[in-house]
Amino acid sequence: MNFNFHNDSIRGVLRSFGQEEAEVNNMETFVTFARLANDIFREMDTDLAKLGASQGRIIVLSLLHCHAPHRMTPSELAEKADVTRGTMTGLIDGLERDGMIERVAHESDGRMVTVGLKEAGRKLLVTVVPYYTKLIQACMAEFTTQEHEMMKGLLRKMKSGFERSLPKS
């Protein structure tokens, strides 16, 4: 869906539903942000797929790389990646099948397994890190140092508002 919030008819529809100008501006800003984030992630997914990777796989490999030489349990990986254990199991299964990681029996509890990075996983990270660096540099190239700080502050505010909107559990 491609909304153009600069179009007077869209603004008119929003106002007809009782939206004040401030709310129309909120929606325009939010949708612009969300569309940009969606476009970036869609492009990343396409590019990473060409490299035999996905964002989820890169997160797992990155976590294992940062913790090396120590291994991590699947539940530790799930917690650090902020995904369910089921999602992590699927990621681990695929990475193990492709020779990127290995499962090894836990050293103190034979009922558990730990996960470690293999050379193929390291090689994929070596391939992917320059891609991420280039993409991020391109996205952020026009920002001044002051604008970087302003953007981080604005995103913290947006995150805070989002977190306040979540149901209390």
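**Chat over a predicted model**

Trainee: Quick one to start: is Asp82 buried or exposed?
Mentor: Asp82 is exposed, because its relative accessible area is 70%. The cut-offs are under 20% for buried, over 50% for exposed, and partly exposed in between (1.4 Å probe, protein chains only).

Trainee: And what am I looking at overall, before I go on?
Mentor: This is a predicted model, where local features need pLDDT of at least 70 and side-chain atom pairs count only at pLDDT 80 or more, while totals for chains, interfaces and linings use all residues. Residues are numbered from 1 along each chain as its sequence is written, and side-chain values use heavy atoms, with hydrogens and water left out.

Trainee: What does the pLDDT of the protein chain average?
Mentor: The average is 89, and 93% of the residues score at least 70. pLDDT is the predictor's confidence in each residue, from 0 to 100.

Trainee: Which peptide bond is cis?
Mentor: The one joining Ala68 and Pro69, with omega at about 5°. Pro69 belongs to the loop between α3 and α4. For background, most residues other than glycine have a negative phi, and most peptide bonds are trans.

Trainee: Helices next. How many residues has α2, and what does it reach from first C-alpha to last?
Mentor: α2 has 30 residues and reaches 44 Å, close to the 44 Å expected at 1.5 Å a residue. The expected span is 1.5 Å times one less than the number of residues in the helix.

Trainee: Which residues are buried in α2?
Mentor: Val24, Glu28, Val31, Met44, Asp47 and Leu48. After α2 comes Gly52, with a positive phi near 80°.

Trainee: What about α3, how far apart are its end C-alpha atoms?
Mentor: They are 18 Å apart, and that agrees with the 18 Å that the 13 residues of α3 (residues 55-67) should span at 1.5 Å a residue.

Trainee: What's buried in α3, and what covers those buried residues?
Mentor: Gln55, Arg57, Ile58, Val60, Leu61, Leu63 and Leu64 are buried. Their cover includes α2 (21-50), α4 (74-81), α5 (85-97), β1 (101-105), β2 (113-117) and α6 (119-140). Contact here means heavy atoms within 4.5 Å.

Trainee: β2 came up there. Where does Thr114 sit, and what does Thr114 touch?
Mentor: Thr114 is in strand β2 and is buried, because its relative accessibility is 10%. Leaving aside residues up to four places away in sequence, Thr114 touches Arg71, Met72, Thr73, Glu102, Arg103, Val104, Ala105 and His106.

Trainee: How many salt bridges does the count come to?
Mentor: The count is 9. A salt bridge is a side-chain nitrogen of Lys or Arg within 4 Å of a carboxyl oxygen of Asp or Glu.

Trainee: Arg42 and Asp39, then: how are they separated in helix α2?
Mentor: By about one helical turn, because they are 3 residues apart in α2. Arg42 is partly exposed at 47%, and Asp39 is partly exposed at 39%.

Trainee: What does Lys152 pair with in a salt bridge?
Mentor: Glu149, at 2.9 Å, N to O. Both lie in helix α7 (residues 145-165), 3 residues apart, about one turn of the helix. Separately, salt bridges that share partners join Arg57, Arg97 and Asp98 into one network.

Trainee: Last topic: which residues form a nonpolar patch on the surface?
Mentor: Phe33, Met151 and Leu155, with about 240 Å² of accessible area together. Phe33 is found in α2 and counts as partly exposed because its relative accessible area is 38%.

Trainee: What makes a patch?
Mentor: Patches are made of residues with over 30% relative accessible area and no salt bridge: like charges are joined within 9 Å, and nonpolar side chains (Val, Leu, Ile, Met, Phe, Trp, Tyr) within 5 Å. Accessible areas come from the Shrake-Rupley method with a 1.4 Å probe, and for residues only the protein chains shown count as cover.

Methods:
Helices (H or I, at least four residues) and strands (E, at least two) are DSSP runs, numbered from the N terminus.
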